[in-house]
Every structure is written in structure tokens, then in C-alpha cells.
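Thanks for coming. Please have a look at the sequence and the model on the screen, and then I will go through a few features.

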Amino acid sequence: MPPVKFFYQPSTVFIPLYCTLLLSMTAQAGDLEITPMLGYTFSPELISGDNTEELATTNEPNLALAFSWKDSTDGQGQVLLNYISRDFTDNIDQSNHSFDTLYAHFNGVAFFKEKNYITTVGMGVGVTYFNSDFDSAIYPSMTFAVGTRYELSDDLAFITELRAYATLTKDDETLFCQDGTCVAHIDDAVWFDGQISIGLAYSF
């Protein structure tokens, strides 16, 4: 049974997030923040189509963009988009295949003020959009992050972050399959990604 496909184009993932963001911004106008981030993703392995060996996926840079609003004196609401493009090589004819991932999550971020910086802890729920050379699918996912925040001025902060993603990947038979032939499968029921990132948060 192939994975459930809620959307066929990646752009459609943004529609509900834009609506959520717009409503949140209206309610919290004056305490908004945008944070572009650049990081590095540590990728898990796939399993070959015949289930005989593991296939390494490349560790690649990730690009992220967070839209946040002040939820309380010690926290934020946040919509986070995170994109990774990676590759893997199959064991059939050693062909290289692309495997792109887009994470879209609604997060809560708590602030813990230290002497010279702020420690941040975030958790969120959302979806993961997988797009390979063969097929695409959307799965539910969660994210957890810890980081630091250094206030450079009243409206600018330097962000560091360690983030983990857990995606429930049920029935992935067609994600890496074409015409009944599969070059790979996701090895476990849960796909884990780990990232380390830095960014600049601008408040307005």
C-alpha cells in the first residue's frame, strides 16, 4: 500500500501554515520575529530495495526560516520551515538519486534567561514532505530543539540550535519505487534527522 498523499505539489504545504501565521500575527502584532537559519543535517540510512544492505544518505546543509510571535514574557509561538536536499546511491547499478525533505512545524519555544544569554527549548508538531526521483509523500512528524539566544541589540539576536526531527513513515513502498521496482526503503517506522544550526533573529 503506498503512502497517503495529502498534497502533490510542495507549494501546497505552505497554505495552512500561512493561514496560521497570519492569524497569529494579527493577534500578536508588535511582537513579531523572523529568523533565517543555516545548518548541517546528519542523515540516517536507507535500506536497499531487496532489504539486503544499508544505503548511506549524504549529510547536507539545511536552510530554515522561522516566523515567531511573542506568546508570553518567557516564550514564543513559531512556524518553522526547514529544507534539506540530499542524495543516496542504490546497490542495483550504483545510480545516484536525489531525496529532498521539507519540514513544516508549529512550535512552542520556552526562554530560560541566564546571565549573558537565553537558553531556548522548543517542541512542535507538523508534517514532513519527502520528494524523491520516483515519488513524493507527506507524513506526520514532531520536532524538539535546544539552543541559545544572544541579544545583540533590541531587535537583533544571534541564535544557535540543536534540533531533532522524528517522522512517522508508515508504508513507504512507493517513495523510492517505479514500475514495481524499488531501489530503497526507509529502514524503520520512524525517520530521524539531527541538525545543528545558527541564525539571526530580527524583531519588528
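Which two cysteines form a disulfide, and how far apart are their sulfur atoms? They are Cys177 and Cys182, with the sulfur atoms 1.8 Å apart. A disulfide here is a pair of cysteine sulfur atoms within 2.5 Å. Searching the whole structure turns up 1 disulfide. The link of Cys177 and Cys182 is right-handed, with 100° about the S-S bond. Cys177 counts as buried because its relative accessibility is 10%; buried means under 20% relative accessible area, exposed means over 50%, and partly exposed is in between, using a 1.4 Å probe and protein chains only.

Before I go on, some ground rules. This is a predicted model, where local features need pLDDT of at least 70, side-chain atom pairs count only at pLDDT 80 or more, and totals for chains, interfaces and linings use all residues. Residues are numbered from 1 along each chain as its sequence is written, and side-chain values use heavy atoms, with hydrogens and water left out.

Now the aromatic rings. Rings of Phe, Tyr and Trp (for Trp, its six-membered ring) pair if their centres lie within 6.5 Å; planes under 30 degrees apart are stacked, over 60 edge-to-face, and the rest tilted. By this rule there are 11 aromatic pairs. Take Tyr40 and Phe42: the ring centres are 5.3 Å apart and the planes are at 75°, so this pair is edge-to-face. Tyr40 is partly exposed, at 33% relative accessibility, and Phe42 is also partly exposed, at 45%.

Phe130 and Trp191 are another edge-to-face pair, 6.1 Å centre to centre with 80° between the planes. Phe130 is in strand S7 (residues 118–132) and Trp191 in strand S13 (residues 190–203), so the pair ties together parts 61 residues apart in sequence. Strands are DSSP runs (E, at least two residues), numbered from the N terminus. Both Phe130 and Trp191 are buried.

Ring pairs also link Phe88, Phe99, Phe130, Tyr139, Phe176 and Trp191 into a cluster. The charged end of Arg86 sits over the ring of Phe99, 5.3 Å from its centre. For that, NZ of Lys or CZ of Arg must be within 6 Å of the ring centre and within 35 degrees of the ring normal.

Last, a sheet. What is the strand order in the open sheet of 3 strands? The order is S3-S2-S12, with antiparallel pairing. Two strands pair if DSSP finds at least two bridges between them. Strands S3 (54–55) and S12 (184–186) are the edges, each pairing on one side only.

Definitions and conventions
Helix = DSSP H or I, 4+ residues; strand = E, 2+ residues; numbered from the N terminus.
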